[in-house]
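Trainee: Please take me closely through one part of this model: the pockets, and the parts of the chain that go with them.

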Amino acid sequence: MPGKNSEFRLHALPLPSGVPSRLAIWRLDLALDAPLSTLTLTLLTQDEVVHCLQYRQHPDRVRFATTRAALRSLLAQRLALAPQAIQLTMGSKGKPALTSGPFFNVSHAGDHALLAISDTLPVGIDIEKIDTACDLAELAKTVFNPDECAYCQHAPAAFYALWTGKEAVLKAWGYGIAEHLSALAMTVHTDDPEFTLKFLGQPEAATRAWQIAAPDGYAAALALGSPARNLAT
């Protein structure tokens, strides 16, 4: 049966208030110490198996192979294809995509991955494991504006809320985190999961982003939409 996913520890997640319909997100729990199963590997293309084996550390192999196999399984259910038959292309910034069909995005950190599939708008998703040992105040000075630095200076969770929000937006746009990061400003609200976005100092109405539920010790965010202006560098 195309798209069978009982192999994976997938959990459908509730969407934050205000998220448009025709979008679904899942959390994938990863067993990083377990051997890769034969079924997981058979859901991948030969190129993906080769890419997986290039990782030197076993947990990195598990993260890549299991997340990609789960994604292929979910897409296969929607497209009525065998998982291995789904043709993925790479955008100019390295974001995987379908030539036709739904938009999707994945992210993994620690023992978990997030997967998002959107039928209508480009999607970006990010999950990060909160590292309380890192000097976040110094890092914030290099990636955040003064208002953002003030917001997150006393709370690691606040730093990661902003970081995941920005990364989700840039992934929805198809850009890496290093590009346009300082030009994108975000405000986090205590009573509303949706971020307020500005790009180059102007409201970014074409893209919306939200904090989403994450396991203890993690932060996560979701973004939908395309940039309202030309981001060519």
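This is a predicted model: local features need pLDDT of at least 70, side-chain atom pairs count only at pLDDT 80 or more; totals for chains, interfaces and linings use all residues.

Mentor: Residues are numbered from 1 along each chain as its sequence is written, and side-chain values use heavy atoms, with hydrogens and water left out. Helices (H or I, at least four residues) and strands (E, at least two) are DSSP runs numbered from the N terminus. A pocket is an open set of points on a 1 Å grid over the protein atoms alone, where a 1.4 Å probe fits, with protein on both sides within 12 Å along at least five of seven lines; its lining residues have an atom within 4 Å of a point.

The volume of the largest pocket is about 560 Å³, where volume is the space filled by probe spheres set on the points, joined across faces, edges and corners. There are 25 lining residues, and those closest to the centre are Arg 68, Met 90, Gly 94, Pro 96 and Val 106. Two or more lining residues come from each of helix H2 (46–53), helix H3 (58–79), strand E5 (103–109) and helix H6. By class, nine of the lining residues are nonpolar, eight polar and eight charged; Ala, Val, Leu, Ile, Met, Phe, Trp, Tyr, Cys and Pro count as nonpolar, Asp, Glu, Lys and Arg as charged, and the others, Gly among them, as polar.

The second largest pocket holds about 220 Å³ of space. Its lining has 13 residues, with Gly 91, Lys 95, Pro 96, Ala 97 and Phe 103 closest to the centre. Strand E4 (96–98) and E5 each give at least two residues to the lining of the second largest pocket, and E4 gives the most, with three. The class count there is seven nonpolar, four polar and two charged residues.

Back to H3. The end C-alpha atoms of its 22 residues are 31 Å apart, which agrees with the 32 Å they should span at 1.5 Å a residue; the expected span is 1.5 Å times one less than the number of residues. Just after H3 comes Ala 80, with a positive phi of about 55°, in a residue that is not glycine. Ala 80 sits in the loop between H3 and strand E3 (88–90). Its relative accessibility is 62%, so it counts as exposed; with a 1.4 Å probe and protein chains only, exposed means over 50% relative accessible area, buried under 20%, and partly exposed in between.

H6, the other helix to follow, has 18 residues and reaches 26 Å from first C-alpha to last, close to the 26 Å expected. Of those 18 residues, 16 are buried. Gly 174 follows H6 with a positive phi near 85°. Within H6 lies Gly 165, which is buried because its relative accessible area is 0%. Gly 165 touches Met 186, Phe 195 and Ala 221, leaving out residues up to four places away in sequence; contact means heavy atoms within 4.5 Å. Gly 165 and Ala 80 are 85 residues apart along the chain, and their C-alpha atoms are separated by 32 Å.

H6 also belongs to the largest nonpolar core. In that core of 30 residues, Phe 144, Phe 159, Val 169 and Met 186 touch the most other members; a nonpolar core is a set of buried Ala, Val, Leu, Ile, Met, Phe, Trp, Tyr and Cys residues joined through side-chain atoms within 4.5 Å. Among the elements giving two or more residues to this core are helix H4 (136–143), helix H6 (156–173) and strand E8 (184–189). H6 contributes the most, with eleven residues. A second, separate core has 26 residues, including Ala 24, Phe 64, Ala 76 and Leu 98. Met 186 is in contact with Leu 162, Gly 165, Lys 166 and Val 169, among others.
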